[in-house]
Structure formats: structure tokens, C-alpha cells
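Me: I've got this model open and want to go through its packing and voids. Start with the contacts, please.

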Amino acid sequence: MDAEYSLTYRELDEYSNDLAACLIRHGVKHGEIVSIESGRSIYSILAMLSLWKAGAACFYIDTCYPESESSRLRERCHCRLAIRRDFFAAHHFAPNEEFIDRSSADGLAVIIFTSGSTTEPKGVMLEQHNINASISNFDRLGLTSDDRICVFASFSFVAALFDICSGLASGARLCIIPEKSRRKIESIVDYWNREKITVSFLPPHMAMKLMKVEDSRIPLRALLVGSERVRNLEKKPYRILNLYASTELAALISVYEISGAAGDYPIGRVNPTLRSYVVDDQGTPVPDGEIGELWLAGPQVSRGYFQNPELTARQYIRNPFGENPPYDRLFKTRDLVQRLPDGNLYYVGRKDTMYKIRGFRVEAAAVENALLSLGLVRETVVKIFTDHGGTNILCAYFTADKPLDVKLLKKKMRTLVPYYMVPTCMIQLAEFQRLRSGKVNRSAIEPPRELNDHKLLEKLY
């Protein structure tokens, strides 16, 4: 259901049969890639199902994208057809009870383009069986046909794909929150109440704001949180589930129910349809409790990166642990984790955020965790910048509810971490810039102007 229109399951099936037949008559071929540009609407879901029934694949172009970016994506995909609102206006729908299905399990279903900020976006190729394997785990979230699920994420992200497909698989009612209602927590809660929403996703920074809303105003039975590290959420009358997900595995990988005190939470246990390996730099499994990179195998592992065989070959490899299909191929996540004694995984950080400072190996996530543990900082990003002399300088950027004395913060940090993990400079920001996904845009954070004057840097920050 969206603000303009609603469909029953029968109508969705019959209208998508009708549209699939139309697409086939107009020459849409098996494996052809078509763009969907009909906004946050039921039309886009109808287009997706119709294309799959016709044997084609799709990718979503948000209406807020600059035309230059949209054109580049169409050209990359050799797109000869774009499904927009005018396409639906020109089509005379008639219910078609004849089920159409030209799809195949290993056929391309969706390309999800990452929201690259400075480089060409990566396109993750998801096959039909990848999506099926992922949504087969909807019971881990407790979804039922009685639920009213809010589709919150942008349709161009894998989170929305999972919400839509798992919601349909569970027989729930899908409610597409309008773009204008996604920006502020008050308007989100108002929408939840109007539509009697029982399950919704929120990114962590929005979930933190939800904690300040009166519980009696919130109709949820389950709040899903993920996409970034989840911290310090209060116990609530509704369930709070910390989800670890990846576009390369068609979304859901692991789930952890947050039920205790504020803190930094595990990401839970991986789906039963997956096999996980925590390995060192040589690909050798590390003992439980030690930090290593997470590798995942199973039917959720996607085909690879669109038009990027080199990156695909680096990240998608034959399973060296001798597993049989569908576990014979794995994805190297580049996420650092450790397996806790109870079997849950704890997310440490990205493999590409480890640096050498004064000869010591420093994980940016460990510095971020220490700073957050002081209870004074709302969000933080730790980055390393290299000065003209080749020296790595550790810099922490943070937001807080009030102005903070950075010298006092540094003093407190020295009681928690070794000296080389105390940032040389600490800079308070009003807010972080964010990507379309809601994640902090780390690449937008620039070094301080005084980077090459270490004494001035420490004096000012």
C-alpha cells in the first residue's frame, strides 16, 4: 500500500501477469536489464515483479538522482527501456489469471548500485536464488501475515528489496512511507500511527532519536536497526533487532535481539542458510575470541560486481575449506569480527580502517568505541590523514548534545587506551554529512588545514 493506491495479493499477481505479458510482447528478452524509475510507489513493486516474470532483471533509479547520474547508470546497463509513471499511464491494465514465469533460479534479478560518493558506484548482481535464500530467513524477524511492515529504505538499497520480498513472502501488508515523511522522527512516528505499523527499519542515528519519543505513541512490536554500528539503545516495550546485512549477500546475514542495558551490541548469529569463517590475513581460521575477517558461503552469495571482473575475483572466491554446493563459493566481507563465547559475532570494524600509528597497528573502530564509551559523544568517525612528511595523523570527528572540551576528552581517553590511540586532534561537528543510505559519508570528512603543523594541531584541537 502507498499514499496513492493499494493492491490485494490477488490483484498484484494478476496485474503483474498482465504487465509481464505486455513486456514480452514488446520484446523484453530473458536477462535484459531494465530501469525502474517510478518512485517510491506500488508501481515500482509491480514493475519489479513483472520484469522477473518476463525473465528480465532490473535496477532502480531514484527520482532524486541527478539526470547525469541516471544517464550513466542506463548507459552502463545498456538499458533500452525505462519504466516510469508515464509507462503505467499508457498501459490499460486488465487482470490476467494466467501465471507467467520465465525466470530461472540462476537468472539475474536485480543490480544494486552502491551510493558511491567519489568513485564509480559498484553494481552488485543478485540472482533470483540469492533473494530467495535471503528472504527464507524472514522467520528470524518473526514476520507474519498479521504484520504491517513499513518500507523505509530507499528502493535503490538492498534493505528495501528485503523488506518488500520478505513482507510478500510472509503475507504481510506492505506500507511505503512517503519520501517527505522519512526525514524527521516525528513525521515517521505519525506515519506509523496512521498506518498502524508493527514492523519498521530505522538506521541507527534515527533509532537514537526514537528513544526520546514517548513509548505510548509507538505502535511497533519490532524495530529493525542496522546499516551501521548500533549502540546505546534503551530497553523498550517493542523488540529491537540489530541486523547485520550486506548487499553482496542479498541483505540479512545475522540478527541479535537487544534486550539488555545500553552498550555496544553483538551482531548475532549468522543465518542457518550460511556458513561463516573468521580468518586471519592468510585465510586461516582464528580461535574464538580473536579478531579476523568474516568470510561467508552459501546460496545468498551473489554473482559478483557488474562489469568489474577484477574486483569480483578478489572478493568472491572458491571456498578453500572444501565445502560442497551451495557452499563451494564464498564472499570475503572485509569486515573484522570476533566470535564471542556464546557464539554471537561482534563487529569490530572494516579491514580497510586499520592503520599504522607510530609503528603500532590501530583500528579506527577501537578508537571510536573508546570515545563513545565516555558517554559524552553522540557519534564519532576516526580517520587517519597523512601529512606532507608521510606521517599518519589520527583525527577524531564527533557530534555531541553540547559543546565539549576536547582537551578534557583527550585526558579521559588516556585512561582508556594506549597513548598512540589517543587522537592528535579532536574536532566537534554540528552534524555529519550522510549518504542516501543514511550512513555517515566518511569520504566527505576532510583533514584539518593545520595537518602539517603538529604543534598547532594539538593546540587547536
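Reply: Of the protein's contacts (heavy atoms within 4.5 Å) with a separation of 6 or more, 63% are between residues 24 or more positions apart. This is a predicted model, where local features need pLDDT of at least 70, side-chain atom pairs count only at pLDDT 80 or more, and totals for chains, interfaces and linings use all residues. Residues are numbered from 1 along each chain as its sequence is written, and side-chain values use heavy atoms, leaving out hydrogens and water.

Me: How many helices and strands are there?

Reply: The protein has 12 helices and 23 strands, taken as DSSP runs (H or I, at least four residues; E, at least two) and numbered from the N terminus. Its C-alpha trace spans about 70 × 50 × 45 Å along the principal axes.

Me: What percentage of the 461 residues is buried?

Reply: 56% of them. Buried is under 20% relative accessible area, exposed over 50%, partly exposed in between, with a 1.4 Å probe and protein chains only.

Me: What about helix α10, is it enclosed or exposed?

Reply: Helix α10 covers residues 364–373, and eight of its 10 residues are buried, so it is largely enclosed by the rest of the structure.

Me: Which ones are the buried residues of α10?

Reply: Ala 364, Ala 365, Val 367, Glu 368, Asn 369, Ala 370, Leu 371 and Leu 372. After the helix comes Gly 375, with a positive phi near 80°.

Me: Switching to Ser 35. Buried or exposed?

Reply: Buried, because its relative accessibility is 0%. Ser 35 sits in strand β1, residues 33–36.

Me: What does Ser 35 touch?

Reply: Leaving aside residues up to four places away in sequence, Ser 35 touches Phe 59, Ile 61, Arg 74, Cys 79, Leu 81, Ala 82 and Ile 83.

Me: Now the voids. How many cavities of 30 Å³ or more?

Reply: Two. On a 1 Å grid over the protein atoms alone, a cavity is a set of points where a 1.4 Å probe fits but cannot get out, and a pocket is an open set with protein on both sides within 12 Å along at least five of seven lines; lining residues have an atom within 4 Å of a point.

Me: What is the volume of the largest cavity?

Reply: About 210 Å³, where volume is the space filled by probe spheres set on the points. It has 18 lining residues, and Met 48, Tyr 60, Val 110, Phe 155 and Ser 156 are the closest to its centre. Elements giving two or more residues to that lining are α2 (42–53), β2 (57–60), β4 (108–113) and α6 (158–170). β4 has the largest share, four residues.

Me: And the second largest cavity, what lines it?

Reply: Leu 141, Leu 143, Ile 149, Phe 162, Asp 163, Ser 166, Val 199 and Leu 224. α6 gives the most, three residues. The volume of the second largest cavity is about 40 Å³.

Me: Pockets next. Which residues lie nearest the centre of the second largest pocket?

Reply: Leu 49, Trp 52, Lys 53, Gln 128 and Asn 132, out of 20 lining residues. Helices α1 (9–25), α2, α5 (128–135) and α6 each give two or more residues to the lining of this pocket. About 460 Å³ of space lies in it.
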